[in-house]
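This report describes the pockets of one model and a helix packing beside them. The structure comes first, then the text.

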Amino acid sequence: MPLDAQRWNKLCDMLGIAPDSEEFTHLDTAYAEKQRAYHTARHINECLHKLDWAMSQQEFEGHAAVAAALWYHDAVYEPTRHDNEAKSADWAIRFLQGAGVNQECCSLVHSLIMETSHGDSPEGETHQLMVDIDLSILGSSPERFAKFEQEIRQEYSWVPLPVYQQRRTELLRFFLAKPRIYCLDIFHDSQEVQARHNIWQAIATLTP
């Protein structure tokens with residue numbers, strides 16, 4: 001599943017810049033890299049559709065910045081590294097600044113991408129929207145979630161199974177320990193219960 005060229009042109013229009021087909025090709029090529037199984041164009045397209053849904057539910061500021069951040073948030077993805085978000089954010093800013101996007105928007109895009117490292121709880125609706133969209137896969141259908149778990153394991157196939165099971169379980173329990181997985185009510189009300197069910201199922205599957 002490739003990236004959507006029409007959506008890319010729409011993003012450029014939202015940002016007030018000319019459509020850049022060369023940059024689109026660079027992104028499409030990046031999301032098709034062989035080390036990826038989940039962090040592909042499909043993930044980006046799913047995130048953008050979830051943004052459409054969120055915007056249909058209520059008004060959010062920074063629509064264009066969130067859209068741009070979603071396009072770029074996994075542009076650099078190497079499972080053996082821990083600086084993918086930073087490198088993806090840097091890529092986004094290089095393009096946006098070069099295209100003439102104002103500094104306020106560029107700074108917002110950078111901070112939104114960095115939120116997808118899922119460290120501290122995001123503050124402000126715009127950042128919460130970004131994080132909730134990135135985590136929306138957790139509350140997907142059981143079938144989609146099971147496929148997601150398979151894809152993540154594929155990306156980390158170089159990790160010995162016992163080590164992977166331990167670390168993946170620790171990460172999933174990190175999300176379960178949160179009072180809320182999703183910050184915004186529209187995500188919490190529609191996906192929280194399913195996300196917790198999915199995570200418990202995944203932990204059970206990972207347990208030797």
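In this predicted model, the largest pocket has a volume of about 990 Å³. It is lined by 33 residues, and those closest to its centre are H39, Y77, Y156, R168 and L171. Helix 5 (84-99), helix 8 and helix 9 (161-177) are the elements that give two or more residues to this lining. Helix 9 gives the most, with eight residues.

The second largest pocket has a volume of about 260 Å³. Of its 13 lining residues, F145, A146, E149, A202 and T205 are the closest to the centre. Helix 8 and helix 10 each supply at least two residues of this lining.

Two packed helices are described by the angle between their axes and the distance between the axes. For helix 8 (residues 142-155) and helix 10 (residues 185-206), the axes come within 10 Å and cross at roughly 45°. Helix 8 is therefore oblique to helix 10. The crossing of helix 8 past helix 10 is right-handed.

On the helix 8 side, P142, F145 and E149 make the contact, and on the helix 10 side Q194, N198, I199 and A202 do. By class, four residues of this contact are nonpolar, two are polar and one is charged. F145, E149 and A202 take part in this contact, and these residues are also among the closest to the centre of the second largest pocket.

Key:
Residues are numbered from 1 along each chain as its sequence is written. This is a predicted model: local features need pLDDT of at least 70, side-chain atom pairs count only at pLDDT 80 or more; totals for chains, interfaces and linings use all residues. Side-chain values use heavy atoms; hydrogens and water are left out. Axes are lines fitted to C-alpha atoms, for helices over the stretch in contact, and angles run from 0 to 180 degrees between N-to-C directions. Helices (H or I, at least four residues) and strands (E, at least two) are DSSP runs, numbered from the N terminus. Angles under 35 degrees count as roughly parallel, over 145 as roughly antiparallel, 65 to 115 as roughly perpendicular and the rest as oblique. A crossing is left-handed if the near helix is turned anticlockwise from the far one by less than a right angle, and right-handed if clockwise. Contact means heavy atoms within 4.5 Å. Ala, Val, Leu, Ile, Met, Phe, Trp, Tyr, Cys and Pro count as nonpolar, Asp, Glu, Lys and Arg as charged, and the others, Gly among them, as polar. On a 1 Å grid over the protein atoms alone, a cavity is a set of points where a 1.4 Å probe fits but cannot get out, and a pocket is an open set with protein on both sides within 12 Å along at least five of seven lines; lining residues have an atom within 4 Å of a point. Grid points are joined across faces, edges and corners, and a volume is the space filled by probe spheres set on the points.
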